[in-house]
Structures are given as structure tokens and as C-alpha cells.
Amino acid sequence: MMKNEGRYVRFSEAPVWDWQRAYYEQMGLEAWENHQVPQYITSNPFIATAYAEMIFSFLQDLMLKGEQHEMVTIVELGAGAGRLAHQVLNKLCALKEIAGMELPPFRYVMTDLAMENVIAWKEHPSMQTYIEQGVLDFARFDAVRDTALNLVISEKTIRQGDLQQPLLLIANYFFDSIPQDLIYIGEGQVFECDLLVELPQHAVEQNPAEILENMTLKYNYRPAPEYMEETYPYAELISLYRAELEDSHILLPSTGLGCLERLSKLSRSGYVLITADKGDHRLDYWKYAEPPEFAFHGSFSLSANYHAIKAVMEQQGASTYFTAHHYKDLNVGMILMLEEPNRYVNTRLAYHRFVERFGPDDFFSLKEWADLKVEQMNLRQLLAFWRLGGYDAEFLMVSFPRFKELLDDASDEEMFDLQFGIKRMWSSYYAMEHRNQVALISGQLLLEMFMYEEAKMFLEELLTGDPDALTAESDAQHITVLYDLAVCCYELELEQEALVYARRVIQIDPNHEEAAALLDGLEGSLDHNQHMN
């Protein structure tokens with residue numbers, strides 16, 4: 001039995017967008033921690049490196065123009081779990097240190113619709129270093145209507161015309177998740193695709209994710225001559241679609257374009273947009289396009305119409321950059337809405353080097369393949385791919401058993417490189433739900449390489465972090481950590497500490513043979529020493 005959610009309404013005004021907002025506001029960071037909303041593809045170290053390189057190059061270009069004193073504001077729209085911001089800042093600060101040159105000061109502002117996310121970022125342990133350095137701030141921002149940024153840390157408000165330097169915007173999985181209009185082009189005419197949402201009986205009592213999963217959509221095509229009038233803001237775009245398309249459903253990013261327009265007014269010098277999403281910038285993609293497919297992941301997402309964004313921005317004088325090759329999972333683009341955009345040579349070169357030549361979408365395709373092939377890789381290949389991905393924790397988790405298997409025959413050089421990689425990974429790791437697993441496998445690999453001091457540090461992380469979290473994992477894992485710590489302490493001749501850990505293992509599992517043997521040896525050694533004294 002289906003229940004109508006009322007009448008046919010414009011696609012951008014349908015209740016689906018209210019349920020989308022409600023989902024993110026209710027779930028907060030849990031939306032990403034339970035793996036419902038995709039995040040890895042747009043927040044791994046590889047894409048963060050590409051973004052950091054483009055931002056660094058942009059700062060270089062400003063310096064070369066003699067504009068190195070005013071603050072540059074970087075705004076991430078829909079910053080989600082916070083992993084991308086943390087990774088970008090990590091890479092950007094490292095580039096700045098390596099270069100050792102005077103660059104304009106910058107602040108990275110993470111924004112989201114849900115205030116709960118803003119509070120969680122502010123309190124997140126991985127963010128504190130950047131907050132203290134004054135390079136990170138936060139703001140709640142509603143892409144549909146807000147016109148200013150109210151910064152949480154500095155308690156400043158950025159309003160129209162406040163920024164001297166161009167604004168730098170980052171929008172990952174953003175345009176596909178905010179309201180869009182839907183039109184249909186047929187025989188040179190434009191039709192509004194109105195939407196009717198039907199729900200099963202009692203569905204309104206469910207949470208937003210369940211409502212979205214269970215809804216049924218019906219479309220009604222209504223003549224919409226207002227799109228063909230000269231007063232329509234994107235009349236030139238519609239003229240192009242009428243001339244080139246037939247029997248095509250077009251998602252119009254009116255809200256996204258309006259958001260860019262409002263944000264552009266914050267600066268007197270234009271803006272740069274770095275964006276990644278599923279959605280094409282080629283007109284051919286939209287030819288004979290069917291009604292949009294909803295991808296459900298707790299919330300939902302649609303395709304982003306990068307062709308419309310690109311065309312409108314170019315009509316307004318921007319230089320736009322998208323890859324010449326076709327994307328598979330993630331289309332990464334850059335738009336320079338700046339006066340004399342060709343003068344930003346380093347910025348344009350950075351896009352060419354880190355996206356066009358081989359970019360985040362290419363890497364993600366390779367990683368999907370590599371995850372299935374780790375058992376066939378040797379240690380040199382594992383290390384090389386891990387390095388290519390920016391010492392990504394996720395790849396280490398996937399390849400841990402293979403790394404461990406190969407360590408018996410590893411050279412000193414390979415063991416050094418593995419240890420170096422673990423240090424690099426941990427220094428830029430954004431603590432989320434896999435923190436304990438990452439610390440455990442790091443400690444175990446270092447223990448296998450007889451690097452007892454380093455292994456001890458990682459294993460102690462598991463006990464000094466959230467003790468309840470470790471116990472919740474399983475008694476077996478708790479025992480493993482305690483026994484490994486006992487071994488580390490024994491090898492480091494910290495006999496009293498080793499004794500404490502071994503006894504804790506026996507308390508939990510009296511039949512643990514290795515711990516019992518270690519305990520006997522330790523107690524015998526201590527008795528002997530006391531007798532000698």
C-alpha cells in the first residue's frame with residue numbers, strides 16, 4: 001500500500017531534499033563512520049596530495065604577483081568526516097616547510113550543514129595541532145541560503161567584500177548532494193520534470209535513510225517556457241541544450257551555481273574552485289539521458305552536471321580545467337574565476353601534473369585492482385604502491401597479512417622503508433573508527449622486524465587511547481596486545497614491565513602457553529637476581 005507525499009512539485013522542492021538534510025543533521029559524523037556515505041575515494045592521501053599541490057601552487061602564484069601579505073581563505077564545502085581537510089593540511093604544511101619560501105598566510109575553513117559535525121571537528125584530537133597553529137577554522141554553512149561565514153575559532157564573520165585575496169573553494173561530493181532542478185528537452189522545447197513521491201504505509205515513522213530507500217518516484221512533464229526567456233539566469237546554457245539535445249533529462253545545478261555566486265561575493269578578487277564528483281563535463285553525456293538514478297548510501301546522491309557548471313563559468317569569464325580522458329568513478333576539475341587566469345601558471349601546471357597526467361580517479365582504479373592482487377605482490381611492489389598512495393592506512397590494512405608473510409626474507413633496506421612508511425602514515429593519520437586496528441597492525445609489523453621500541457609505542461597507543469574500545473574489539477585482541485607488549489619489554493630488558501603485561505595475559509587466559517613460559521622465565525630471572533643480591 002503506497003501513500004502519496006502530496007502533489008507533484010518541482011524536483012528541487014521535493015521532500016527528498018528535506019530527508020537528505022535530516023539524515024546528515026541526525027547522523028553527524030556517524031554518517032561516514034558506519035561506511036554508509038562514501039568517503040575514501042574523495043579523502044585519501046593521494047587526492048589530498050593533488051589538492052595540496054594545487055593550493056601550494058596557487059599560493060606561489062599570488063606571491064609572484066606580489067600579493068603575499070593578505071590571508072588566503074580556503075573553504076571546504078560539505079567537509080563531512082574531516083579526513084580530506086586533515087590530509088590536505090598535513091600535505092600543504094609539509095610542502096611549505098620543504099620549500100622554505102615566504103608564501104601568503106592561509107586558513108582552511110571546514111564547513112557543513114550539520115552543526116554537530118562542526119563541533120566534532122573542533123574537538124577532534126587530530127585537528128588540535130592545526131587549530132593551535134591558526135591555520136584551521138570551522139563554520140556551519142547552508143549551501144542553499146547562507147551568504148556569510150561565521151568562523152567558530154576566531155569568532156570572526158566573513159561577509160561580502162571582506163576578503164582581499166581570491167577565495168579558494170573545495171567541493172567534493174558536494175554538487176551531487178544538494179538540490180538540483182530537473183528539466184526535459186524534447187523537440188526544441190523545455191519541460192519541467194515535476195516529482196511525486198510515494199511512500200509505503202507508516203513510512204513517515206521511519207528514519208530518513210529508510211524513507212529514502214523505500215520511496216517510489218513518479219515524474220510529470222510540464223511545459224516550462226520560463227527557461228527559454230532571456231531573463232532566465234542561464235538562458236545561454238538552455239539555448240545550447242535546446243539546439244544540441246533531444247529526448248534528454250538534464251539535472252540543472254541551480255542551487256550549486258547560486259551557492260558559488262554567493263560565495264564569490266566574499267572576495268574582491270574572484271575565486272578558484274577545486275571539485276570532484278561523479279558527473280560529466282561533456283555535452284555528449286547528457287544526450288538522450290534517462291531520468292536521474294538515485295544512489296543510496298544512507299543519504300542519496302545524483303550525478304553532478306559539470307557541463308552546466310563549466311559552461312556557465314566560462315560564459316562569466318572563467319578558465320575551466322577537466323581531464324581530456326574519460327573518468328570512471330571521480331571527475332576532478334578546477335575552475336579559475338580570476339582576473340587574467342592565465343597568469344596563474346603554477347596553479348595550471350599543478351592541475352596538469354596531479355590530475356590530468358595521472359589523477360585521483362586513475363589511482364582509485366589502480367587501488368581497486370591492487371587490493372585484489374596483494375597476494376601476488378612482492379615486498380618491493382607493496383612498498384612502491386603504498387608510497388604512490390601517500391602511505392595510506394587503508395592499503396596497509398588490506399595488505400598487512402602479505403607484508404607479514406614476506407618479512408622473513410626482507411632485506412634491511414626493505415624493513416627500513418616499511419618502518420619509515422609506518423611513521424609517515426601514523427603522523428598524518430586521521431583517527432576514526434579503524435584507529436585501533438591501524439595501531440595494532442603497525443605494532444605487530446614492527447615487532448616482526450625486531451624493532452621493539454617502536455612496536456612498544458604503537459601497542460601502548462592501544463592501551464592509552466580508549467581502553468573500552470580495545471576490550472570491545474575482543475578478549476583475543478586484548479590478549480594479543482598485552483602479550484606482544486610483554487615480549488617487547490622483555491627484549492628491551494624492561495623486566496618489571498614485561499612481568500606486569502605477562503601476568504595480565506594469564507589473568508584473562510590462564511591457558512596461554514607462551515605467556516606462561518615467558519612469565520616462568522621472568523620470575524626465575526628475578527628470583528635469581530634477588531638471590532644474587
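**Figure 1. Salt bridges across the predicted model.** The count comes to 19 salt bridges in this predicted model. A salt bridge here is a side-chain nitrogen of Lys or Arg within 4 Å of a carboxyl oxygen of Asp or Glu. Residues are numbered from 1 along each chain as its sequence is written, and side-chain values use heavy atoms, with hydrogens and water left out. Because the model is predicted, local features need pLDDT of at least 70 and side-chain atom pairs count only at pLDDT 80 or more, while totals for chains, interfaces and linings use all residues.

**Figure 2. Arg-10 and its partners.** Arg-10 sits in strand β2 (residues 9–10) and Asp-181 in strand β9 (residues 181–186), 171 residues apart. Strands are DSSP runs (E, at least two residues) and helices are too (H or I, at least four), numbered from the N terminus. Arg-10 also meets Glu-192, at 3.5 Å, N to O. Glu-192 lies in strand β10 (residues 189–200), so this pair ties together parts that are 182 residues apart in sequence. Arg-10 is partly exposed, with a relative accessible area of 28%. Asp-181 is buried at 6%, and Glu-192 is buried at 1%. Buried means under 20% relative accessible area, exposed means over 50%, and partly exposed is in between (1.4 Å probe, protein chains only).

**Figure 3. The salt bridge of Lys-65 and Glu-67.** The two side chains meet at 3.8 Å, N to O. Are these residues buried or partly exposed? Lys-65 is partly exposed at 25% relative accessibility. Glu-67 is partly exposed too, at 30%.

**Figure 4. An aromatic pair, Phe-46 and Phe-358.** A search of the whole structure finds 25 aromatic pairs. Phe-46 and Phe-358 form one that is edge-to-face, with 5.8 Å centre to centre and 80° between the planes. Rings of Phe, Tyr and Trp (its six-membered ring) pair if their centres lie within 6.5 Å; planes under 30 degrees apart count as stacked, over 60 as edge-to-face and the rest as tilted. Phe-46 belongs to helix α4 (residues 45–64), and Phe-358 to the loop between α12 (345–356) and α13 (360–373), 312 residues apart. Phe-46 is buried at 11% relative accessibility. Phe-358 is partly exposed at 29%. Ring pairs join both to Phe-363, Phe-385 and Phe-395 in a cluster.

**Figure 5. A charge over a ring.** Lys-367 lies over the face of Tyr-40, 4.9 Å from the ring centre. A charge sits over a ring if NZ of Lys or CZ of Arg is within 6 Å of the ring centre and within 35 degrees of the ring normal.

**Figure 6. Where domain 1 meets domain 2.** Domain 1 covers 35–176 + 257–287 + 299–356, and domain 2 covers 364–531. These bounds come from an automatic or database domain assignment. In all, 19 residues of domain 1 are in contact with 17 residues of domain 2. Contact means heavy atoms within 4.5 Å. The area buried between the domains is about 1,400 Å², and carbon and sulfur atoms give 55% of it. Buried area is the accessible area (1.4 Å probe) that two parts lose on being put together, summed over both. The count between the two domains is one salt bridge.
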